[in-house]
Amino acid sequence: MAASRRPTLADVAREVGVSAKTVSRVLNEDGPVSTRTREQVRAAVAKLGFQPNLMARNIRVGGPDTTIGLVVPDLANPFFGAVARGIEETVRDRGLTLLMGSSADDPERERALTAQFLARRVSILIVVPAVGADHSDLKSHRTAGLPVVFLDRPGVGLSTDSIVSSNRAGAQEGVAHLIAHDHRRIGFVGDLPTKLYTRRERLAGYRAALQEADIPYDRSLVVSAHDQQGAQAVTSQLLDLAAPPTALFAGNNIMALGIIAELARAKRKDVAVVAFDDVALAAALEPALTVVSQDPEEIGRSAATTALSRLDGDRSRARTITVPTRLIVRGSGEQQAPKP
């Protein structure tokens, strides 16, 4: 059996008995063609299952593609999956399709990926900036009218719209919640690199809560990790301190999973935990996990809505939109500190 192949413009022309140029005129609606021929071409397209190459057409006529380029640091992180869902739901009615790629939080990979999106003339570019990336090379594209939006973190070298969470205020609320339950030895488990915007903001919120309660900042209680296994290891180190923490604040959902795994391994149910970011099945844990919850879908919707307004001609000054967090009380953060 011969291998199947995708039907071409020439196949449609052959089916109808007209030239490929005539088929192109019908599909692009850019030239005089009789009503009967139009009907025949459309019937042949449906019969053969022909799919026009929109990218090739847009490049040929100098117009933008019907896609949005989204660059995220990690495709496996459910947070960015929810962000993508919010974007997709918002742009679907505009006939735009979302394309995603992972930078692995590497500036060079981010640059290569954005270059690929720019080469295919995406209608909108949304980027979660990698630490150390310089976005000044996007200035000319933004000046030419391409909507560029930074998401989750501000970019560097380019003044453009940014959509972020209330990282500092949310972390401060979560740590204050632990302090309200008499905890004074509170560990902070943050992600890497330490220069990451969200990490710095959440640590600042942690420190602000301590300062407000007149609790000295103790560097030995602040640790960092890159992944779940690393978070489990540094949690073990905190628990082995001569004066261990009675409560832990997780800097993100990945750190929270490592903390939970280590507390389960050590059979420690006496340590209070509050996590920044919600975790799948958080309510099913024992005790259920108290979190400072972001709204990733709203972050995605805000990014898409902002970009669409730019696409429609909004030329106002660049703005930063902060999406609020909320504390969800479930049990793990409400354990009282042991009496001295």
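Predicted model: local features only at pLDDT ≥ 70, side-chain atom pairs only at ≥ 80, totals over all residues.
Residues are numbered from 1 along each chain as its sequence is written, and side-chain values use heavy atoms, with hydrogens and water left out.

The protein is assigned domain 1 (9-61), domain 2 (67-165 + 296-323) and domain 3 (167-294), the bounds coming from an automatic or database domain assignment. The centres of domain 1 and domain 3, taken over C-alpha atoms, are separated by 60 Å.

Helices here are DSSP runs (H or I, at least four residues), numbered from the N terminus. Helix α2 (residues 20-28) packs against helix α3 (residues 35-48) at an angle of about 90°, and their axes are 10 Å apart. The two helices are therefore roughly perpendicular, a term for angles of 65 to 115 degrees; axes are lines fitted to C-alpha atoms over the stretch in contact, with angles running from 0 to 180 degrees between N-to-C directions. In the contact (heavy atoms within 4.5 Å), T22, V23, R25, V26 and L27 of α2 meet T37, R38, V41, R42 and V45 of α3. This contact comprises five nonpolar, two polar and three charged residues, where Ala, Val, Leu, Ile, Met, Phe, Trp, Tyr, Cys and Pro count as nonpolar, Asp, Glu, Lys and Arg as charged, and the others, Gly among them, as polar.

Pockets were identified on a 1 Å grid over the protein atoms alone, as open sets of points where a 1.4 Å probe fits, with protein on both sides within 12 Å along at least five of seven lines; lining residues have an atom within 4 Å of a point. A volume is the space filled by probe spheres set on the points, which are joined across faces, edges and corners.

The largest pocket contains about 480 Å³ of space. Its lining consists of 24 residues, with D74, N77, D191, N252 and I254 nearest the centre. Elements giving two or more residues to this lining are α5 (78-91), α9 (197-212) and α11 (253-265). Ten of the lining residues are nonpolar, six polar and eight charged. Because domain 2 and domain 3 both give residues to the lining, the largest pocket lies between them.

The second largest pocket has a volume of about 310 Å³ and is lined by 13 residues, of which P78, N253, D278, V279 and A280 lie nearest its centre. Helices α5 and α11 each give two or more residues to the lining of this pocket. The lining has eight nonpolar, three polar and two charged residues. The second largest pocket also lies between domain 2 and domain 3, because both give residues to its lining.

How values were computed
Parallel < 35°, antiparallel > 145°, perpendicular 65-115°, else oblique.
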